[in-house]
Amino acid sequence: MTIDFVVATPHDAVEFNDVYRNTTGSAGYLACNNIYNRVVLNEWYDINPHADLATHWECLDGARRWRFHLNKAARWHDGVPVTAHDVAYTHSHAKEMGYTGGMFLGDVEQIVEVDDHTVDYHLSTPNSGFLLMLGNFIFAHILPAHLFEGTDWSTNPHNLNPIGSGPFRFAEWIPGDRIVMEAVKDHWGARPEIDRLIIKIVPDRDECVRMIARGEAHIVTQDTLTRDRLSLMDDAVDAEILKRRGPGMALLDFNHSSPMWRDERVRRAVAHAVDRSAIDELGDPGVSQSWPHYLLGSTEWAFNPDAVAPAHDVAKAEELLDEAGLTRDADGSRASLRLFYMDTFHGHRPLAQIVSDSLEQLGFTVTFEGLSSVDWARRVRTDGDFDLIVVGGAMAPDPEITRTKYSTGGKNNMAGHHNPDVDAAYAAARSATTLVERGEHYKRLQEIWARDTEWVPLFWYGTYYPRSTRFFGWADQLGYSIPWWHWGRIRPVTPDADSAQ
């Protein structure tokens, strides 16, 4: 009997190389997490790294050098051994070329192959949070050097026919329909107890959820099920909904490259304009809530409860805008603004609507639109063609993750942040050797963000994962030693756990 595990998602793949360019939330993004490995592995809810390609590691030279010892049994799906050269080549080339895989490697000066199964990352400055950079994000995957070295990554055929080292090997992709991966039964690591991993492309989010309720799929992707759709699971059989506070927040950011947003008074005015009572209505007690703080409360060791966004005050907002020279014209208008969010994260749409409504009260004409991950990369990341964005941020479990987004020159600094005090706080936290010391620097960082209205926190989002009870091996059941989107440890718990074909 063939045991299939089916994932329903509304977003098709673009390709299968997120080290080259990230397509967040796409079916390819999900597939890559099961086809490839990272050096180490982190989940959102656990600050401690777990072994992946590396079996163990050492922090050397005051956190300026990190040594990783690779699993000597690791093999690519074509049988070639995984070596230190694969690791060094993948991350060195991604960093050199400015690809997504280099996003969190900004302080890496050199990657040295000590021997075939030992690799050293030499950093320009101490970084006690470096492990999280290698383990928390999909674009830290390691690619097979023997198939990529000497090629142009943009045209490499293995972007569409991936060969990884993970628990599933690529079988087929039928665009608009499905991606099929087969279990590597002789895998060098934990061996899958299902036969096939199938990602079904179902553009209708509601239908994705109904497939779980009918037993035709076993999990849907993040942000597919939202609070207003919970009733779709009312008649579900052999299924449950995992509800919990999420690992990040939705926030409003400014295009700091634009002269208008360099004026802190204008940024603060926008923050005062945001109607948080409307955001309150989106919350679900114990799962999600309106959030005015600059870090999640779940990161207790670094959380500063006194650093908060400006309170809702339309009169103060009007005063600040007038003071900054953004006065109303004869028709009562101030300016036109373009606001974007990534449509993969459907929950950002109502927040964009609330922000738009709030700003229109101040005389702004706001147009807002959800962008695909590809359009987002071009229009927001590359072209900077926006005024405001609603975006996810402040990911748990370590604020070091946010550095690339908010520090000067950060590879993910799409909003053009440039604040010397922010840079100094990050540097101090990276150099600290204890969690308590690091926490104090991050509390100072939150003070600076609030003082300068660098961005505006909006909502601590929750997660709703409808999933089958006929399988075991979800991230929360394994102590968050794997990410939620990794299904190599999934196993059936009842004889009829195989899916409909």
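1. In this predicted model, helix H13 (residues 420–431) and helix H14 (residues 435–452) have axes that come within 8 Å and cross at roughly 170°. Because of this crossing angle, H13 runs roughly antiparallel to H14; angles over 145 degrees count as such.

2. On the H13 side, the contact is formed by Asp421, Val422, Ala425, Tyr426, Ala428 and Ala429. H14 contributes Arg438, His441, Tyr442, Leu445, Ile448, Trp449 and Arg451. By residue class, the contact of H13 with H14 comprises nine nonpolar, one polar and three charged residues.

3. The surroundings of histidine 93 include parts of the chain beyond its sequence neighbours. Leaving aside residues up to four places away in sequence, histidine 93 touches Tyr99 and Trp153. Glutamate 149 is 56 residues away from histidine 93 along the chain, yet their C-alpha atoms are separated by 8.8 Å.

4. The second largest pocket of the model has a volume of about 540 Å³. It is lined by 22 residues, of which Thr100, Met103, Ala377, Arg381 and Thr382 are the closest to its centre.

5. Helix H11 (residues 373–382) supplies the largest share of the lining of the second largest pocket, with seven residues. In composition, this lining divides into eight nonpolar, 10 polar and four charged residues.

Definitions and conventions
Residues numbered from 1 in each chain as written. Predicted model: local features only at pLDDT ≥ 70, side-chain atom pairs only at ≥ 80, totals over all residues. Heavy atoms only, no water. Axes fitted to C-alpha atoms, helices over the stretch in contact; angles between N-to-C directions. Helix = DSSP H or I, 4+ residues; strand = E, 2+ residues; numbered from the N terminus. Parallel < 35°, antiparallel > 145°, perpendicular 65-115°, else oblique. Contact = heavy atoms within 4.5 Å. Nonpolar A, V, L, I, M, F, W, Y, C, P; charged D, E, K, R; others polar. 1 Å grid on protein atoms, 1.4 Å probe; cavity = no way out; pocket = protein on both sides within 12 Å on 5 of 7 lines; lining within 4 Å. Points joined across faces, edges and corners; volume = space filled by probe spheres on them.
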